[in-house]
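Okay, thanks for coming, everyone.

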Amino acid sequence: MSARGKARRRALDILFEAELRTEDPLKILAERVERGDPPVNEYTSAIVEGVARHHTRIDELITTYSEGWTLERMPAVDRNLLRGGTYELLWMPDVPEGVVISEWVHLAGELSTDESPQFINGLLARFKQLKPSLTL
């Protein structure tokens with residue numbers, strides 16, 4: 001797994017843990033940075049901070065475009081995969097869109113249900129297509 005791939009997975013772990021503990025993801029991130037074992041990659045921090053900063057808009061987009069699924073009905077890991085992927089896709093223009101989608105779909109294949117990779121792929125691909133028209 002690439003360094004950025006590991007950073008994405010670590011960001012997902014932090015986002016998922018924060019949701020399960022009903023804590024602010026920035027608090028969990030700060031705890032991990034302070035602990036430093038293992039060290040937190042700057043890219044992990046960028047994703048977690050970005051998701052926290054744009055959380056409301058990200059959840060609005062997921063809710064609007066996920067046909068037949070509410071946020072509450074999605075598995076928690078899928079919600080957080082989509083949050084991380086949506087942030088990286090829409091707010092980190094230096095990363096190739098195809099790479100972003102591929103990496104988050106790969107994580108879905110490793111960590112979620114059999115149907116999750118297709119669902120994550122479809123929604124992130126839709127955001128990629130709509131990106132020019134989305135008001136961020």
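**A walk through the helices**

Let's start with Arg-83, which you'll find in helix α5. Before I go on, keep in mind that this is a predicted model. So, is Arg-83 buried or exposed? Arg-83 counts as buried, because its relative accessibility is 8% and the cut-off for buried is under 20%. And what does Arg-83 touch, if we leave aside its neighbours within four places in sequence? The contacts are Glu-19, Val-51, His-55, Ile-58, Asp-59, Ile-62 and Leu-71. One distance while we're here: Arg-83 and Ile-101 sit 18 residues apart along the chain, and their C-alpha atoms are separated by 12 Å.

The largest nonpolar core has 39 residues. Those with the most contacts inside it are Ile-62, Leu-81, Trp-104, Ile-120, Leu-124 and Phe-127. The largest share is from α5, with 7 residues.

The crossing of α5 past α7 is right-handed. On the α5 side, the contact is made by Asp-78, Leu-81, Leu-82, Gly-85, Thr-86, Leu-89 and Leu-90. On the α7 side, you have Ser-116, Phe-119, Ile-120, Leu-123, Leu-124, Phe-127 and Lys-128. Sort the residues of the α5 and α7 contact by class and you get 9 nonpolar, 3 polar and 2 charged.

Next, α4 against α7. What is the angle here? For α4 and α7 it's about 105 degrees, with the axes 11 Å apart. Anything from 65 to 115 degrees counts as roughly perpendicular, so that is what α4 is to α7. Leu-61, Ile-62 and Tyr-65 come from α4, and they meet Leu-123, Arg-126, Phe-127 and Leu-130 from α7. By class, the contact of α4 with α7 has 6 nonpolar residues, no polar ones and 1 charged.

Let me stop on Leu-130 for a second, which is in helix α7. Leu-130 counts as buried because its relative accessibility is 14%. Leu-130 and Leu-90 are 40 residues apart in sequence, and C-alpha to C-alpha they are 9.9 Å apart in space.

Over to another pair: helix α1 (residues 3-20) and helix α3 (residues 42-53). These pack at about 40 degrees, and their axes are 8 Å apart. That angle makes α1 and α3 oblique to each other. The α1 and α3 crossing is right-handed. From α1, the residues making the contact are Arg-4, Ala-7, Arg-8, Arg-10, Ala-11, Ile-14 and Leu-15, and from α3 they are Tyr-43, Thr-44, Ile-47, Val-48 and Val-51. By class, the α1 and α3 contact has 8 nonpolar, 1 polar and 3 charged residues.

Have a look at Thr-44 there, in helix α3. How exposed or buried is Thr-44? Its relative accessible area is 1%, so Thr-44 is buried. Not counting residues up to four places away in sequence, Thr-44 touches Ala-7, Arg-10, Ala-11 and Ile-14.

Last bit: the backbone. Most residues other than glycine have a negative phi, and most peptide bonds are trans. Thr-22 is in the loop between α1 and α2, and its phi is near 50 degrees, a positive value in a residue other than glycine. Thr-22 is exposed, with a relative accessible area of 72%. Then there's Pro-38, in the loop between α2 and α3. A cis peptide bond joins Asp-37 and Pro-38, with omega about 0 degrees.

That's my tour, happy to take questions.

Terms used: Residues numbered from 1 in each chain as written. Predicted model: local features only at pLDDT ≥ 70, side-chain atom pairs only at ≥ 80, totals over all residues. Heavy atoms only, no water. Axes fitted to C-alpha atoms, helices over the stretch in contact; angles between N-to-C directions. Helix = DSSP H or I, 4+ residues; strand = E, 2+ residues; numbered from the N terminus. Parallel < 35°, antiparallel > 145°, perpendicular 65-115°, else oblique. Left-handed = near helix turned anticlockwise from the far one by under 90°. Contact = heavy atoms within 4.5 Å. Nonpolar A, V, L, I, M, F, W, Y, C, P; charged D, E, K, R; others polar. Core = buried A, V, L, I, M, F, W, Y, C linked by side-chain atoms within 4.5 Å. Buried < 20%, exposed > 50% of the residue type's maximum accessible area, 1.4 Å probe, protein only.
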